[in-house]
Amino acid sequence: MNGGSRVVVVGGGVIGLSIAYHLAEAGVDVTLLERGTLGSGASRATADVVRSYFAGNPVSSALAVRSLQAYQAFPDRPGTDLPLRQVGYLILFTEPEQLSAFQADLPAQHAAGVDVRLITVEEARELNPLVGDDTPLLAAAYSPQAYISDTTAIVTAYAQAAEKAGAVLRTGCPVTGIDAQAGRIRTASGEIGADAIICAAGAWSASLVRCAGVDLPLTEPIEQELLTTDPLPPGTPDVPVTLHAATGLLIRVRDGRMLIGMGYPGADREAWRRDVAGRVAEVYPSLAELALHTAVTGLRDASPDRTAFIGHQPGPPAFLYATGFSGHGLCNAPAAGELVRDLYLDQDPGFDVTALAVSPRRTG
């Protein structure tokens, strides 16, 4: 596998594929390296939800607003069928502090382009009648900018678009190390030379960025697990994606079952599952008797402030990174690809990328 390539992207999830597509579309010679199959990392462990509102994180929200516009433009591409079914995003508040934090964050969210507003308890129960009558609520937030999509379809669409634009996608090709100063990428099949290296390796990014001398405070890979219920009783309403703010319990309907997430399993997986079942019974009593099963698991990356790291060390050889999306990758991928492209080409990205780069403020 010896030879040269102008840009090598490490990581074949939705972020890496978006980067490869946007660079190739701009006429850049791109090779993408993926350790497994495309979308086999964090991209497969998602709830298939594309939304714009990220509480307390207007930077991620701004990326998501820009990305949502790109997803909505996908049908304009010949031969691309990207499903987007609008369901809305409902956040249930049970404590005064949650309400205060929402109101303090609201101006920044609106400035980021997010459509989100405070609604009454009655409106919240109307949107999601599964919420138990005894579940204490103070108020709720609602954003209509939330859609059910298909992550596999998004990965496939970006892969096909990238290849059509001229990118080379290599799967089953784990990167064992990089020499960023020399522009060399080591793989089990040999070395590849590059004028620029882009790290979009998700949970496997930490060691690669260290090789390039970039100190990103990425946590160790975190295992995500989503659960699913037995089939829902006939007549169960289709409800918005709903977050119970106090517990992090997230639900959405998928294929006649409820898909459920709540934080991370940790070392004691069985205790976590029991905790999830207990929370479901408290908030949604009509679902209490439904058994829970593993829907999907996968590793994801994370940053301390739950905002992606996107930045550029000029070359040659140049080194760029797009990692630490903390579960926001599907919602941020189109914008991430555009920003990395613009950083590489030294174009105006139309976004304050200093908020995304590694900095003392973010690492402190």
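This is a predicted model: local features need pLDDT of at least 70, side-chain atom pairs count only at pLDDT 80 or more; totals for chains, interfaces and linings use all residues.
Two packed helices are described by the angle between their axes and the distance between the axes. In the present model, helix H1, which covers residues 14-25, packs with helix H5, which covers residues 151-164, at an angle of about 30°, and the two axes lie 8 Å apart. H1 is therefore roughly parallel to H5, since angles under 35 degrees count as roughly parallel. The crossing in which H1 passes H5 is left-handed. On the H1 side, the contact is made by Val-14, Leu-17, Ser-18, Ala-20, Tyr-21, His-22 and Ala-24, and these residues meet Ile-154, Val-155, Tyr-158, Ala-159, Ala-161 and Ala-162 on the H5 side.

Strands of a sheet pair through backbone hydrogen bonds, either parallel or antiparallel. An open sheet in the model consists of three strands in the order S3-S8-S4, and the pairing within this sheet is antiparallel. Strand S3 (49-51) and strand S4 (85-86) stand at the edges and have a single partner strand each, so that one side of each is left without a neighbour in the sheet. The pairing of S4 with strand S8, which spans residues 146-148, is antiparallel and extends over two bridges. Arg-85 has Ile-148, in S8, as its bridge partner.

Two single residues were examined in their surroundings. Gln-224 is placed in strand S13, which runs over residues 222-229. With a relative accessibility of 7%, Gln-224 counts as buried, because the cut-off for a buried residue is under 20% relative accessible area. When residues up to four places away in sequence are not counted, Gln-224 touches Ala-45, Gly-263, Tyr-264, Val-296, Thr-297, Gly-298 and Arg-300.

Gly-327, by contrast, is found in a loop, namely the one between strand S19 (318-323) and helix H8 (329-345). The relative accessible area of Gly-327 is 39%, and this residue is therefore partly exposed. Once its neighbours within four places in sequence are left aside, Gly-327 is in contact with Arg-300 and Asp-301. Between Gly-327 and Gly-172 the separation is 155 residues in sequence and, from C-alpha to C-alpha, 24 Å in space.

Methods:
Residues are numbered from 1 along each chain as its sequence is written. Side-chain values use heavy atoms; hydrogens and water are left out. Axes are lines fitted to C-alpha atoms, for helices over the stretch in contact, and angles run from 0 to 180 degrees between N-to-C directions. Helices (H or I, at least four residues) and strands (E, at least two) are DSSP runs, numbered from the N terminus. Angles under 35 degrees count as roughly parallel, over 145 as roughly antiparallel, 65 to 115 as roughly perpendicular and the rest as oblique. A crossing is left-handed if the near helix is turned anticlockwise from the far one by less than a right angle, and right-handed if clockwise. Contact means heavy atoms within 4.5 Å. Two strands pair if DSSP finds at least two bridges between them. Buried means under 20% relative accessible area, exposed over 50%, partly exposed in between (1.4 Å probe, protein chains only).
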